[in-house]
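This report covers salt bridges, nonpolar cores and helix packing. The sequence and structure come first.

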Amino acid sequence: MFAILAEDDSDAEAIAHIVRRHFNDDRLAVKKKGYDGCGGLCAKGARDIKVWRAQGISRFVVCHDADANPPAEIREKVLRTVVRPASAVQNCCVTIPVQEIESWLIADEKAITEIIPSFRFKGHGQPESIPSPKEWLRKQSEAENGKPLYSPKTFNAAVAKKLRFDVVARKCPSFAAFLACLGDAPRP
C-alpha cells in the first residue's frame, strides 16, 4: 500500500493515477493527502507518515513542486522536514516536479486534448522551462469569452490517467526521475 503526500489534493490525485499506471494495477491501494500548500506538507507530513506506518502503509511518495527554486534544494528541504523526521528514508520516494506538476501534464498535449476536446492545445517542447506552468496552461486554454477551459482541480487527475509516460519522461527529466524512484512493483 502507498500513501501520497502532496501540496494539494489535485496533485495527490494525479500522482495516485501515475503510480497505479506505473505498476499496471488500477486496484493498488493508495492513500492520498493534500496539504493546501508546501507549508502544510512540510509541517505535518512527518507526523502523517508515522501514523500511516503504524497502520501498515509501507511505501510513501512525497511530492513538492520546485516552483522557481532549484530542485535539489527542495528535495533536501523535504528530506529534512518530512522524510528524516518520520524515519522513512528507505520507504519514501521524494518527487520534485520542476516548476509545478502541471509541467508534466503540459508535456503530453494529446492527453490534454483528449480530456478537454474543446481546447486545441499545441503543447510545449520544454514544459519544465515554463516559469508557472499552471497559470500558463490556464492562459493557453482561454476560450473566446476569456474564461479558461483548464482548471487543475477538475482536470489534473483525468489528464494524469491519459499521460504517455515515454513522451512526458522525454520532455521532463523530473518525471523520468520520479518513475525511476518508484522502481519495480511492490512485493506482496
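Which side chains meet in a salt bridge at 2.8 Å, N to O? They are those of R84 and E76.

## Basis

This is a predicted model, in which local features need pLDDT of at least 70 and side-chain atom pairs count only at pLDDT 80 or more, while totals for chains, interfaces and linings use all residues. Residues are numbered from 1 along each chain as its sequence is written, and side-chain values use heavy atoms, with hydrogens and water left out.

## Salt bridges

A salt bridge here is a side-chain nitrogen of Lys or Arg within 4 Å of a carboxyl oxygen of Asp or Glu. Nine are found when the whole structure is searched. Buried means under 20% relative accessible area, exposed over 50%, and partly exposed in between (1.4 Å probe, protein chains only).

E114 and K162 form another salt bridge, at 3.3 Å from N to O. E114 lies in helix α5 and K162 in helix α7, so this pair ties together parts that are 48 residues apart in sequence. Helices (H or I, at least four residues) and strands (E, at least two) are DSSP runs, numbered from the N terminus. E114 is partly exposed at 44%, and K162 is partly exposed at 38%. The side chains of E142 and K139 meet at 3.7 Å, N to O; E142 is partly exposed, at 37%, whereas K139 is exposed, at 55%. K33, R47 and D48 are linked in a salt-bridge network.

## Nonpolar cores

A nonpolar core is a set of buried Ala, Val, Leu, Ile, Met, Phe, Trp, Tyr and Cys residues joined through side-chain atoms within 4.5 Å. The largest has 39 residues, and those touching the most other members are I15, I18, V19, V61, W104, F178 and L182. Two or more residues each come from β1 (2-6), α1 (9-22), β3 (59-63), α4 (102-106), α5 (109-115), α7 (152-162), α8 (165-171) and α9 (173-182). Helix α1 gives the largest share, six residues.

Leaving out residues up to four places away in sequence, V61 touches F2, A3, I4, L5, I15, V19, C93, T95, F178 and L182. Contact means heavy atoms within 4.5 Å. Another core, of 21 residues, lies apart from the largest one and includes I49, I57, L79 and V94.

## Helix packing

Axes are lines fitted to C-alpha atoms, for helices over the stretch in contact, and angles run from 0 to 180 degrees between N-to-C directions. Angles under 35 degrees count as roughly parallel, over 145 as roughly antiparallel, 65 to 115 as roughly perpendicular and the rest as oblique.

The axes of α1 and α7 are 8 Å apart, at an angle of about 10°, and the two helices are therefore roughly parallel. On the α1 side the contact is made by S10, D11, E13, A14, H17, I18 and R21, and on the α7 side by P152, K153, N156, A157, A160, K161 and K162.

Helices α2 (residues 38-54) and α3 (residues 71-83) have axes that come within 8 Å and cross at roughly 45°, so they are oblique to each other. C38, L41, C42, G45, A46 and I49 of α2 meet K77, T81 and V82 of α3.
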